[in-house]
Amino acid sequence: MKLKVNNVISNEYKEHLTIQDLLDYKHIEAVPWLVISVNGTFIKRHLFREHVLNEGDVIEMIYIRGGG
């Protein structure tokens, strides 16, 4: 399945992939400061295991950090 993840397009993904599956595949921990959007819509953390990705989806993984 073809997805665009953080501006990189790839065909390496399996069908019926959830957001949590994607995080596991990429070895990314779902830390509290990680925010994910799919096609411009932010997905609530409790839906990561349920939200199934579709062919052509655009996923952005954003780390929210404070600083000064």
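pLDDT is the predictor's confidence in each residue, from 0 to 100. You'll want that here, since this is a predicted model: local features need pLDDT of at least 70, side-chain atom pairs count only at pLDDT 80 or more, and totals for chains, interfaces and linings use all residues. Residues are numbered from 1 along each chain as its sequence is written, and side-chain values use heavy atoms, with hydrogens and water left out.

Start by colouring the chain by pLDDT. The average is 95, and 99% of the residues score at least 70. Now select residues 8-10: this is strand 2, with the lowest mean pLDDT among the elements (95). Then jump to residues 41-42, strand 4, where the mean is highest (98).

Next, switch to cartoon view. You'll find 1 helix and 5 strands; helices (H or I, at least four residues) and strands (E, at least two) are DSSP runs, numbered from the N terminus. Trace the chain from the N terminus and the order reads β-β-α-β-β-β.

Zoom out to take in the whole chain. Its C-alpha atoms fill a box of roughly 40 × 25 × 20 Å along the principal axes.

Of the 68 residues, 34% count as buried, meaning under 20% relative accessible area with a 1.4 Å probe, protein chains only. The chain exposes about 4600 Å², and carbon and sulfur atoms supply 52% of that.

Last stop: contacts, meaning heavy atoms within 4.5 Å. Among those between residues at least 6 apart in sequence, 52% join residues at least 24 apart.

Terms used
Buried < 20%, exposed > 50% of the residue type's maximum accessible area, 1.4 Å probe, protein only. Areas by Shrake-Rupley, 256 points an atom, 1.4 Å probe, with all protein chains shown as cover.
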